[in-house]
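Dear colleague,

Please find below the structure that I am handing over to you. My notes on what was found in it follow directly after.

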Amino acid sequence: MSGGAGPWPVALALAAAFLFGLGIQLTRPGLRHTDSRTAALIQIGTACAVYWLASPAFLQRWYWLEPAIALLAAIGLFRPFISANLALAGTRWLGPTVSATLSSTAPLFGLALGVLVLGEALSVEVAAGTLAVMAGVAVLSSRGRMQRDWPVWALLLPVGAAFLRVLAQMLAKIGMESIPSPFFVGLVGYSVSFALALATQRGRQDAGPVRSPGLPWLMLAGLCYALAILALNSALVCGDLVAVSPIVACQPFFSLLLGRLLFRETGIDTRVVLGVALVVPGVVLVSLR
């Protein structure tokens, strides 16, 4: 499966980026009432329920007999279970815009995995876009004279989440060569992740409340993420990883836009705006390869 399938990979990847950005913003009010790991459980559980409720319309029996199902199950071990926890912790420490922008290091990982593992092409646009993304991350990582209420190590949370997401994208693309069903990839991944999240939650002594005023927000975010993964997997069926991954990384643009227009987000300084202004054109350049 390779690129060249017209505008569909771009359109689907942009839809995924918008839904991821919306999910990040919906998560913020939910995190005011519970901890990040409990929030991840709610979101994963909601997405898992959505997939299973829709499964009669999309599943075929032979999917379960393919050896590639083991690869899809392996994806669920770290996405969204671990990646969501890292992303939620990053959102809690850094805020949705900074966290989403740092998550845009994904093109760097997408470039490396796409070229080195999948054998996809490297171009001048990809190199230039990657440099722009790196510059944006450097701007956001620099403290300067500004006062922030989060530690430097918190920057690693969204970056780690970005790497795991891209690794999952690569494995999903490989798996869909045998099982060409974006829906099935999401179903298996969310089912495994929900089982892990639930087992972990039961063993915790400091777990936050599952039923809280933030529950509706987290469930809505889980629905957004479920649809985003479906759109992302659909883009990967007909598009290259080195193109799809950076387009999906445009989610900081949507996060910033939604934060300002709908959620009245505060605390967005010139450094954050500059970081986004570097990252978004960078990922656009990568997509024009």
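A crossing of two helices is called left-handed if the near helix is turned anticlockwise from the far one by less than a right angle, and right-handed if clockwise. Helices (H or I, at least four residues) and strands (E, at least two) are DSSP runs, numbered from the N terminus.

The model is a predicted one: local features need pLDDT of at least 70, side-chain atom pairs count only at pLDDT 80 or more, and totals for chains, interfaces and linings use all residues. Residues are numbered from 1 along each chain as its sequence is written, and side-chain values use heavy atoms, with hydrogens and water left out.

Overall composition

The protein chain contains 13 helices and 0 strands. Of its 289 residues, 55% count as buried (under 20% relative accessible area; exposed is over 50%, partly exposed in between, with a 1.4 Å probe and protein chains only). Among contacts (heavy atoms within 4.5 Å) with a separation of 6 or more, 91% in the protein chain are between residues 24 or more positions apart.

Helices H2 and H10

Helix H2 (residues 36-58) packs against helix H10 (residues 215-238) at an angle of about 55 degrees, and their axes are 8 Å apart. Axes here are lines fitted to C-alpha atoms, for helices over the stretch in contact, and angles run from 0 to 180 degrees between N-to-C directions. The angle makes H2 oblique to H10; angles under 35 degrees count as roughly parallel, over 145 as roughly antiparallel, 65 to 115 as roughly perpendicular and the rest as oblique. H2 passes H10 in a right-handed crossing. The residues of H2 in this contact include Ala39, Ile42 and Tyr51, and those of H10 include Leu215, Met219 and Leu230. By class, the contact of H2 with H10 has 14 nonpolar, 3 polar and no charged residues. In this scheme Ala, Val, Leu, Ile, Met, Phe, Trp, Tyr, Cys and Pro count as nonpolar, Asp, Glu, Lys and Arg as charged, and the others, Gly among them, as polar.

Ala231 also belongs to H10 and is buried, at 9% relative accessibility. Apart from its neighbours within four places in sequence, Ala231 is in contact with Leu12, Ala15 and Ala16. The C-alpha atoms of Ala231 and Leu19 are separated by 9.1 Å, although the two are 212 residues apart along the chain.

Helices H1 and H12

The axes of helix H1 (residues 8-30) and helix H12 (residues 251-261) come within 8 Å and cross at roughly 45 degrees. H1 is therefore oblique to H12, and their crossing is right-handed. By class, the contact of H1 with H12 has 8 nonpolar, 5 polar and no charged residues.

Helix H8 (residues 156-175) has 20 residues and reaches 28 Å from its first C-alpha to its last, close to the 28 Å expected at 1.5 Å a residue; the expected span is 1.5 Å times one less than the number of residues. Because 14 of the 20 residues of H8 are buried, the helix is largely enclosed by the rest of the structure. Leu171 is found in H8 and is buried, with a relative accessible area of 15%. Leaving aside neighbours within four places in sequence, Leu171 is in contact with Leu71, Ile75 and Phe78.

A cis peptide bond

Arg79 and Pro80 are joined by a cis peptide bond, with omega about 5 degrees. Pro80 lies in the loop between helix H3 (69-76) and helix H4 (81-94).

Yours sincerely
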